[in-house]
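Today I opened my notebook to look up pairs of charged side chains. Here is what I wrote down along the way.

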Amino acid sequence: MDNEEVLDLIATEEEQAKPYKTFESQSDLDSYTDKRVAKALETARSKWNDELDTKLKEREDEAKRLASKC
């Protein structure tokens, strides 16, 4: 292992040893929080859209089925 690999390994071990994430400033914390919230919202929005598409497809199928009975 060269020195750079050793330093990377030590840094990784130190990061894993920390029980929580620390921030240099309030703006760093705000930025991190904004990114996490935006990702969570995008995930939720995607899930909701998938559910909506499924429900719309089911209703269209039901409408076609009922229309063919008439």
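I began with Glu62, which is partly exposed at 34% relative accessibility. A quick reminder to myself that this is a predicted model.

Which side chain does Glu62 meet in a salt bridge? I found Arg65, with 2.6 Å from N to O. Both residues lie in helix α2, three residues apart, about one turn of the helix. I then looked up Arg65, and at 38% relative accessibility Arg65 counts as partly exposed.

Next I turned to Lys57. Its salt-bridge partner is Asp61, and the closest N and O atoms are 3.3 Å apart. Lys57 and Asp61 are four residues apart in helix α2, again about one turn of the helix.

My next entry is for Arg45, which forms a salt bridge with Glu42. The closest N and O atoms of Arg45 and Glu42 are 3.3 Å apart. Why are the two about one helical turn apart? Because they sit three residues apart in helix α2, which covers residues 26–69. I checked accessibility here too: Arg45 is partly exposed, with a relative accessible area of 43%, and Glu42 is partly exposed, with 44%.

How values were computed
Residues numbered from 1 in each chain as written. Predicted model: local features only at pLDDT ≥ 70, side-chain atom pairs only at ≥ 80, totals over all residues. Heavy atoms only, no water. Salt bridge = Lys/Arg side-chain N within 4 Å of Asp/Glu carboxyl O. Buried < 20%, exposed > 50% of the residue type's maximum accessible area, 1.4 Å probe, protein only.
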